[in-house]
Protein chains: 2
Amino acid sequence: MTYEAIVEQIRQKSSFLCVGLDTDLSKIPSFLHDFDDPIFEFNRQIVDHTAAYAIAYKPNLAFYEAYGSKGWESLEKTVKYIRANYPDIFLIADAKRGDIGNTAQMYAKAFFELLDFDAITLSPYMGADTVKPFLKYPGKWVIILALTSNESAVEFQTMPDKHTGITLYEKVISHAQQWGSPQNTMFVTGATQASLLKNIRNIIPQHFLLIPGVGAQGGNLEEIASYTLTPQCGIIVNSSREIIYAGNDINFAQAAGTKAQNMQIKMKELLAKTSI
Amino acid sequence: MTYEAIVEQIRQKSSFLCVGLDTDLSKIPSFLHDFDDPIFEFNRQIVDHTAAYAIAYKPNLAFYEAYGSKGWESLEKTVKYIRANYPDIFLIADAKRGDIGNTAQMYAKAFFELLDFDAITLSPYMGADTVKPFLKYPGKWVIILALTSNESAVEFQTMPDKHTGITLYEKVISHAQQWGSPQNTMFVTGATQASLLKNIRNIIPQHFLLIPGVGAQGGNLEEIASYTLTPQCGIIVNSSREIIYAGNDINFAQAAGTKAQNMQIKMKELLAKTSI
């Protein structure tokens, strides 16, 4: 998917919402357990009721791997369902993979060929070797962990370099600008460190940022937008649990749809300040 | 598996060899494609012919995920086969996962409950949050990426801290010593940077090191051992392609067995210098 196609979808839906499909069998409504594939059925209904308000979905791989080969089948069915019914959606594999050479190529095959995701999240610890094999796929994206929203993010990510003073996450962003371009590279930048988002936007004025941590993790949408919105939007904000677990009965998907719509309404107001 | 049980297996087999099961359908002997599950059949034969010389196996997850749910089935069967037939083997999921909170818990469930691996490799970029959920499992191990053997490892891992001068990989090791102990934590330390292995062994005299990069990636076994062997051995050296693709005909597994035995003979000589 091109940069322009993502922007066009943002324009059409007046939304930059990504819904995280962190589907946990122990949290979904109990009646779904009567279905052959409860995880897929949950995802299908969530997608059907939120797709008008969301431009992206982001299954987190851990939640599928926890059920082994059956979990992978649920993931495969979810991806196929979204591709068939909502072809404009930007599909992110939240895999946080980080391996090299022929191993990275195998992950690229898994997520870009077999599963036809548009993007994959990657961990940069091992350097360029972990990212470059994914950039060989035209139209596909890498989303590199830069500054994450968890408590222990500051253990290593904000460590300053002895020689340059720039921090590790800044160095990751700086190096990654050499590997790819704003047309195939995004960065994960956590919403719980809003003031640092301003700094990141200064370094990369064009790149899309994938911002988790709004909602359950406490980030504030208006504040985040004030630091990161670009004339072309430039951000995708993810919400997972707050949307998908908004309800827990027969109407769970409608409840999720309402939550997603509420976020979309806020996003529409914020987008009015851009040139979209 | 306890530290002592690993050492006991090293003593019995006079080996500290790990065989990497990076099983690629395009590289296995063509006659295996007639089997229902070629990947499992390849793994089964490799394990049967190398288990006398190896103390650990390390399937690399990318090679299974590249075949989707079918690949996961091959992995599940491989793990079950090794558990049933070679109960002393130390089983490592080379997953290089790195996620937080409830996501990390789901990965732990996938690899420690569903698949019953003894250990998982983890990427430390997001800090303690990515590791601690795995340490709640008694008898299970985390193997944290510290200094890897790939070319771009130096992009970030050897960056020195402005305040302390210690490098990122040293900081990872130092922090990880607070999270766990030598009884549940190992580190991935690449063999292609042999001189730095000496430094790592000085920082952590007791921890097991998982050392890839011997063989195809060029590390030298004697040199590595001289820097890292402890009185209790303290190292597990991995070889993947050089062993599993030693042959490409009906006798491929015997060829792998011979390669593994050759490494075991060298390892036996090196272990004579320890108190094992």
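Helices (H or I, at least four residues) and strands (E, at least two) are DSSP runs, numbered from the N terminus. By that rule F63(B) is found in helix α3 of chain B. This is a predicted model, in which local features need pLDDT of at least 70, side-chain atom pairs count only at pLDDT 80 or more, and totals for chains, interfaces and linings use all residues. Residues are numbered from 1 along each chain as its sequence is written, while chains are lettered from A and ligands numbered from 1 in the order in which they are written.

**Contact between chains A and B**

- Two residues are in contact if their C-beta atoms, placed from the backbone, lie within 7 Å; 46 residues of chain B are in contact with 46 residues of chain A.
- On chain B, the elements that give two or more residues to the side touching chain A are α3 (62–65), α4 (68–85), β3 (90–97), α5 (101–114) and α7 (168–179).
- Helix α5(B) supplies the largest share of that side, seven residues.
- Sorted by class, the side of chain B that touches chain A has 20 nonpolar, 13 polar and 13 charged residues. Here Ala, Val, Leu, Ile, Met, Phe, Trp, Tyr, Cys and Pro count as nonpolar, Asp, Glu, Lys and Arg as charged, and the others, Gly among them, as polar.

**Helix pair α4(A) and α4(B)**

- Helix α4 (residues 68–85) of chain A packs with α4(B) at an angle of about 175°, and their axes are 8 Å apart. Axes are lines fitted to C-alpha atoms, for helices over the stretch in contact, and angles run from 0 to 180 degrees between N-to-C directions.
- The angle therefore makes α4(A) roughly antiparallel to α4(B). Angles under 35 degrees count as roughly parallel, over 145 as roughly antiparallel, 65 to 115 as roughly perpendicular and the rest as oblique.
- From α4(A), the contact uses G68(A), S69(A), W72(A), E73(A) and E76(A); from α4(B), it uses G68(B), S69(B), W72(B), E73(B) and E76(B).
- The residues of this contact of α4(A) with α4(B) are two nonpolar, four polar and four charged.

**Helix pair α2(A) and α11(A)**

- Within chain A, the axes of helix α2 (residues 38–50) and helix α11 (residues 252–271) come within 8 Å and cross at roughly 40°.
- The two helices α2(A) and α11(A) are therefore oblique to each other.
- The contributors from α2(A) are Q45(A), I46(A), D48(A), H49(A) and T50(A), and those from α11(A) are A253(A), Q254(A), A256(A), G257(A) and A260(A).
- By class, the contact of α2(A) with α11(A) has four nonpolar, five polar and one charged residues.

**Buried face of α9(B)**

- In helix α9 (residues 221–228) of chain B, the buried residues are I224(B), A225(B), Y227(B) and T228(B). A residue is buried if 20 or more other C-beta atoms lie within 10 Å of its own, exposed if 12 or fewer, and partly exposed in between, with C-beta atoms placed from the backbone.
- Down the axis of α9(B), the buried residues fall within an arc of 165°, so they line one face of the helix. The arc is that of the directions from the helix axis to the C-beta atoms.
- The cover over the buried residues of α9(B) includes α8 (194–203), β7 (208–211), β8 (235–239) and α11 (252–271) of chain B.

**Non-glycine residues with positive phi**

- S14(A) is not a glycine, yet has a positive phi of about 45°. S14(A) sits in the loop between α1 (3–13) and β1 (17–21) of chain A.
- S14(A) counts as partly exposed because it has 17 C-beta neighbours inside 10 Å.
- K96(B), also not a glycine, has a positive phi of about 45°; its place is in strand β3 of chain B.
- K96(B) is buried, with 28 other C-beta atoms within 10 Å.

**Individual buried residues**

- F63(B) is buried, with 27 other C-beta atoms within 10 Å. Not counting residues up to four places away in sequence, F63(B) touches M106(A), D22(B), T23(B) and D24(B).
- F90(A), in strand β3 (residues 90–97) of chain A, counts as buried with 21 C-beta neighbours inside 10 Å. Residues up to four places away in sequence aside, F90(A) touches M1(A), I6(A), I55(A), A56(A), D118(A) and A119(A).
- I144(B) lies in strand β5 (residues 141–147) of chain B and counts as buried, with 27 C-beta neighbours inside 10 Å.
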